[in-house]
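Reader: I am new to this structure and would like to go through it step by step. Could you show it to me?

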Amino acid sequence: MSSNGNNILIYKDRLEGIYKDLNKKYSHEFNLSVSNGYTVTSRSSEVENIEYHEDMALNITVYNNFKKGNASTNNLSSENIIKTIEKAENISQNTQADDCQGLPESNFTEKQWDNLGIYYPKDLEVENVIEMTKDCEAEAFKADKRISNSEGSTFSFSKNSHMILNTNGAYGAYDSTDYSLSCIALAEENKLMERDYWYSSSRDFKKLEEGSSIGKKAAERVLSRLGARTLKTQVCPVLFSPEMSASIISNFLSAINGSAIYKKSSFLLDKVNEKIFPDFVNIREEPLLVNGPATRPYDSEGVLTENKNIVDNGILKTYLLDTYSSRKLKMDCTGNGVLTNITMNSSEPLVSDIISTLKNGIYITDMMGSGANTLTGDYSRGAFGYLVENGEIQYPVTEITVASNLSQMFQNIVALGDDIDLRNRIRTGSLLIDNITIGGTN
Amino acid sequence: MNYIQNLVLDNYDLTNEKLENILSAACPKNIDFADLYFQYTNSEGWQLEDGIVKSGSSNIDSGVGIRSVAGDKSGFAYSNNFNYENLISAANTSKCIVKSGQSRAIQLGNSQNIRKLYNSVSPLDFKTDDIKVKFLKDIDKYVRDKDDRVEQVIVSLAGTYDSILILNTDGIKAFDDRPLVRFSIMVILKVGDRRERGSSGGGGRYSYDEIIDTKFAYEFADEAIRQAAVNLQAEDGKAGSMTVVLGPGWPGVLLHEAIGHGLEGDFNRKKTSAFSDLIGKQVASSQCTIVDDGTISKRRGSLSVDDEGCETKCNTLIENGILKGYMQDKINAKLMNVSPTGNGRRESYACLPMPRMTNTFMLPGEFNPNEIIESVKDGIYAVNFSGGQVDITNGQFVFTASEAYLIENGKVTKPIKGMTLIGNGPEVLKKVSMVGNDLKLDDGVGTCGKDGQSVPVGVGQPTLKIDEITVGGTQV
């Protein structure tokens, strides 16, 4: 299974050839991404699906005296690119002027980037990939006879190229690769079934976790779900697993995004330089982490990304702003047309045995539903987890709800664990949060 | 017009003979079945925020998905390029799911005459851009004039014209042209420091004129203001297990999550669903009859043919509480030895088809909705929802209310804040003790996600009462 390169530079020449002749009345931005790869799934010891993908997307934004138009296509012939430009220009004839709209004026990329530590192409034989997924699933079945079924093990690979060009002189290009291996195991006891999964993902194939270890963890996780009970309704401290903590931090990041702020649709409006978290909490953006899942040198508009402290000793230091929202809010652009790698940290030592710190409460490892309201901060989601007494897990609990308000949840963070999930673009350990309402039986 | 015929087949000289050769390349002797899915999608969106129509966007996505099936195995590749050589090469990639055998000849039939549930006219050709922009501005002005608590109005109009051609080794050749439009509005009202949101919208498989030239959008604008105003009054609700009455229409998202996904054929063939092996068994109270109906004219979840070229149907899933059948695509139907049900759907040419829902709803019962509310001493009346999710294996599902009220002594009283409800699919419908006579379908805004693929769907139900379900308020 060899990859043949995405040859993005062919398109650079083509776009430059086209934009020499563009109508100077408009300014233009071209965003191109090309990706190819495959996904292989094996289930019940046999290969189930092999899917090859090859995607191209060219997104064209034009500004016409502060009026904006946007058009995209997946057909990159010169003829079609010109048609797409015309379409974006036509749209910009009909939209309304807004003097905050336009290309970024400065601080944009002007080079091709190598050595970001996110591009590790590797030729893999499809037979070997199939064997890897079969071994991964087999390890789950081997773990226990209650592992009754599986949704299989999946390996996926993609090789991506990104390029931006605009008529103010921005140019940037970089490549990346993504590898992942996962396993979904089912377990059955007393005619009740549960499912759970585990996965590894990396920019570099060599850094993927072994399939046998992934299969084994998927099995351990699903086995620990068997025999789940409901709980009585109560208010108690809750420990959120790193995956669930990342989802809570992502709610925070949505609420401080420039577009939520200028639309006045955030519970964190007018909160810069105010205390949102306890003193020990620091949240930082690190766009250029080697092997980072969201590493990129420039944002969706070509503005250079940079390291920044978002929360310093519990205080919100900045909103996340792209060119438009920064002009709208009369603040400096922070290069956040996209969000890159986020790290949650503590100025106190991270807690290594955080379940014993919880002592008595609930350890939540899975949540469902869309019950985080970033306009009001109201929070209510379905959950699965474990009852913890005297610092030890007692039994799994299911069919419960977790409710509070995000403002209070942030203030009520008591401790941060050292079990940091490096797979996630939001790097955090478990968060221990006090005073959460658990809905269950009466 | 059909984009595929005009812009693809004619343009790239893809004759019947060439199409047969591509299928033949994807289907050597040890492959059971292969299909080609040609797609040309033209879509656009216009959005107003902060009082101005800031941006419009247009997108064209086109390609061919090629699938080779052997038993329960699928090989899949696609191409964005319609050149014959590229398609032959994609077909050769697709068949690699099994060790190749000799190729065999495929003969395509004539294109099928399919029953049309919507017009083959692109909504994008219907109104000029300046009319769409003026329409959005008019709605914004209407909302701002109507209520002086308005802090923000976001209005959008989106249209898609999806032209497809399905060809397979059974000789099927089916064209379908699918219009889809959607209007959405979100209003934020502010009183003091408190801001609350109301959202509404609707659409279907028709043209913009049914939105722009009618009162339709103004009714949704009124509805969004009303919801936001209710939420400004809402107080914290209680947590725990209680009686819940669900309003008609959109709260049918309950059915989509609690049972719909669990009755999709792939999960039941693999026996990973909490509903596996329950055909003929009681899974709901005898008042519940639930169908999945892809045949309702012009509805968002409807399709003239599914994405494997099978006509959609009205399939009874649950009849008087008894589980009758699953929703199937071709592969799973064949492996389970039943007929396809017209539920094979895919997000686009770049994804494999799977069994998916269309419009899923509960048929009306005998109770007057007032009677149902009056029967509750202490409970919750939930009338609007923002979405849901399910774990089909253990049956746990959630759905999140965005407008709800207390019921006290048979009367709807104070509004309470939105919250998530959690239950168990195979159990919760057994606790449905009253079903109303007021069946309503949703307004046409639903999108369902499965394995990363999104498809438009519909839901609906009459007012119904669930004796007991866990509710995620903050008060104990």
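**A loop in chain A**

Author: N313(A) sits in the loop of chain A between strand 10 (308-312) and strand 11 (315-316). Helices (H or I, at least four residues) and strands (E, at least two) are DSSP runs, numbered from the N terminus. The model is predicted, so local features need pLDDT of at least 70 and side-chain atom pairs count only at pLDDT 80 or more, while totals for chains, interfaces and linings use all residues. Residues are numbered from 1 along each chain as its sequence is written, chains are lettered from A and ligands numbered from 1 in the order in which they are written, and side-chain values use heavy atoms, with hydrogens and water left out.

Reader: What is the phi of N313(A)?

Author: Phi of N313(A) is near 45°, a positive value in a residue other than glycine. Most residues other than glycine have a negative phi.

Reader: Turning to L165(B), which strand is it found in?

Author: L165(B) is in strand 4 (residues 150-168) of chain B. The residue is buried, with a relative accessible area of 0%.

Reader: Which residues is L165(B) in contact with, leaving aside its neighbours within four places in sequence?

Author: Among them are I4(B), L9(B), L36(B), F38(B) and F175(B). Contact means heavy atoms within 4.5 Å. The C-alpha atoms of L165(B) and Y3(B) are 9.7 Å apart, although 162 residues separate the two along the chain.

Reader: How many helices and strands does chain B have?

Author: Chain B has 11 helices and 23 strands. Its C-alpha trace spans about 75 × 55 × 35 Å along the principal axes. Of the 476 residues in chain B, 64% are buried.

Reader: What is the radius of gyration of chain B?

Author: Chain B has 24 Å, which agrees with the value near 23 Å that a compact globule of 476 residues would have. The radius of gyration is taken over C-alpha atoms, and the globule rule is 2.2 Å times the number of residues to the power 0.38.

Reader: And what about chain A?

Author: Chain A has nine helices and 18 strands. Its radius of gyration is 24 Å, close to the 22 Å that the globule rule gives for 442 residues, so chain A is as compact as a globular protein of that length. Buried residues account for 57% of the 442 residues in chain A.

Reader: How many residues of chain A and chain B take part in the contact?

Author: The contact involves 69 residues from chain A and 75 residues from chain B. The two chains bury about 5700 Å² between them, 48% of it on carbon and sulfur atoms. Buried area is the accessible area (1.4 Å probe) that two parts lose on being put together, summed over both.

Reader: Which residues in chain A lose the most area to chain B?

Author: They are Q96(A), M368(A) and E399(A), together 12% of what that side buries.

Notes
Buried means under 20% relative accessible area, exposed over 50%, partly exposed in between (1.4 Å probe, protein chains only).
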